Amino acid sequence: MQNIVPMTRPALELRASQHLALTPQLQQSIRLLQLSALELEAEIAQALADNPMLERAEDDVAAPQDAEAASGESAAAELEDAWEASQRRLDEAGGGDDDLPQAARETTLREHLLGQLALTRAAPRDAALTALLIDELDDNGYLASPLEEIRQWLPVELDIDDDELRAALRLLQSFEPPGVGARDLAECLSLQLRQPDTACLPEAADVQVLECARRLCAGHLPLLAAGNPQRLREALAVDDATLRAARALIVRLDPRPGRAWTAPAADFAVPDVLVHRRAAGWQAVLNPAVMPRLHINQHYANLLANRRESAYASLQGQLQQARWMIRNVEQRFDTILRVSQAIVAHQAAFFSEGPAAMRPLILKDIAGELGLHESTISRATAQKFMLTPYGTMELKRFFGSGVATESGETTSATAVQAHIRQMVAEEEPGRPLSDSQLVQQLADKGIVIARRTVAKYRELLRIAPATVRRAQAGR
């Protein structure tokens, strides 16, 4: 007796799902907000070279008073000339880029990582989340915000869970350079030791040395920094030769994997915002020197107004792109100004009294006040600079967590760093202050913090330890 296998019937099923998708216009808006003033100028230079519909205001050419007076044949000929000019600009931009700004020819860390992302087979949703994490990297290649905080920024309706973000982070951490996407120094060094290149890191060829280095990075970096080899040997149960080789291997690693793609900001920092003192207090205004004046080539726009033929579809698309560029550039500067004005209002004491008067401020404070996402505030303050009475400062420097004082109030980490810098500057050359002594002097000012916190702030200020400063003074 034969078994009869029931046949399934084909059926159609509709499922409603949501995906993380960004329109080209929104993607451009986010990208422009992320750029520095120098990078924005390079972006606009490229757009002007590619799109004949976009012009700088200073390059304005007087258009005919009556566009209707032009004959159909003349209008078509001018549009064909515009198309040919567009193609010539594309060829010139691709073949000889020596006339473009230097920043336009250099690949940023973001572009380098997005290029690798494009070569993966990640699903669109995973790729979008990975691109989001790439935008949250700082200049050193570290993830600037915790995954839990990033998830809170995302719309609730997208239903992004922690596992998806962790998977996106693992994908990002598999990219070059090794160590990118790390959340702290230990993870950065550990990522570089996953599959080390023995040609560049010869010590990694020894399995025992590699394993010792991995364990050092995973849980014993503070002990390694303290320079206590005996305790390290006991904790790791290794001999002296293995420990020395492991230390030599770690020294070869790069604690800042993103710095190769980051030009020093101090070399060319151009203020996006200027702060002036008015009768009503401190006021932030945009720097007109960095604000491009763009407009549509009205002559070509008028010629296209009454032509809907498919032959001009490409030029119609370029006209729309030009309008997007102008609108998004304006929105970029509007966001930067709003954020800057909020910062000035919160940090008024700094502008009057100096860095020591900096108050605690976090991205969430400004985001809630302006009704924006914290990621937007992060992009609006990254590589954006403000000219203050105390020099040109990156907007991110106005943010910092609070440090408790004896009076029960809080002061910002930036203010504590300013105190440390001043103390070191005033110390006797032959008798530099140790971290413990800095802790005591800060306590005398009513600021009570741990020695390890002082050491962290000192390192951020690029101030060498007391032993090194003493040796340098004795030269």
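1. For orientation, strands of a sheet pair through backbone hydrogen bonds, either parallel or antiparallel.

2. The hairpin of β2 and β3. These two strands form a hairpin, with 2 residues between them. Their pairing is antiparallel and extends over 6 bridges. Within this pairing, Val275 stands opposite Ala284 of β3.

3. The pairing of β5 and β6. Strand β5 (residues 385-388) is joined to β6 by 4 bridges, and the two strands run antiparallel.

4. Aromatic pairs. The structure holds 5 aromatic pairs. A pair of aromatic rings is described by the distance of the centres and the angle of the planes. For Trp282 and Phe351, the centres are 5.8 Å apart and the planes stand at 35°, so this pair is tilted. Because Trp282 belongs to strand β3 and Phe351 to helix α16 (residues 348-353), the pair ties together parts that are 69 residues apart in sequence.

5. A second pair at Phe351. Phe351 also forms an aromatic pair with Phe398, and this pair is stacked, with 5.8 Å from centre to centre and 20° between the planes. Phe351 lies in helix α16, whereas Phe398 lies in the loop between β6 and β7 (402-404), so the pair ties together parts that are 47 residues apart in sequence. Are these two residues buried or exposed? Phe351 counts as buried because its relative accessibility is 2%, and Phe398 counts as buried because its relative accessibility is 0%.

6. The aromatic cluster. Trp282, Phe351 and Phe398 are among the members of one aromatic cluster, to which Phe350 and Tyr390 also belong.

7. The surroundings of Met423. This residue is found in helix α19 (residues 413-426). With a relative accessible area of 6%, Met423 is buried. Which residues are in contact with Met423, leaving aside its neighbours within four places in sequence? They are Leu433, Leu438, Gln441, Leu442 and Lys445. As for Leu438, Met423 and this residue are 15 residues apart in sequence, and their C-alpha atoms are 7.7 Å apart in space.

8. The annotated region. The unreviewed UniProt entry carries the annotation "coiled-coil region" for residues 30-57. In the model, the chain over residues 30-57 is 68% helix and 11% strand. The end C-alpha atoms of this stretch are 24 Å apart. The annotation comes from the UniProt record, whereas the helix and strand percentages are computed from the predicted model.

Definitions and conventions. Residues are numbered from 1 along each chain as its sequence is written. This is a predicted model: local features need pLDDT of at least 70, side-chain atom pairs count only at pLDDT 80 or more; totals for chains, interfaces and linings use all residues. Side-chain values use heavy atoms; hydrogens and water are left out. Two strands pair if DSSP finds at least two bridges between them. UniProt positions are given in the numbering used here, feature names are shortened, and annotations may be inferred rather than shown by experiment. Rings of Phe, Tyr and Trp (its six-membered ring) pair if their centres lie within 6.5 Å; planes under 30 degrees apart count as stacked, over 60 as edge-to-face and the rest as tilted. Buried means under 20% relative accessible area, exposed over 50%, partly exposed in between (1.4 Å probe, protein chains only). Contact means heavy atoms within 4.5 Å.
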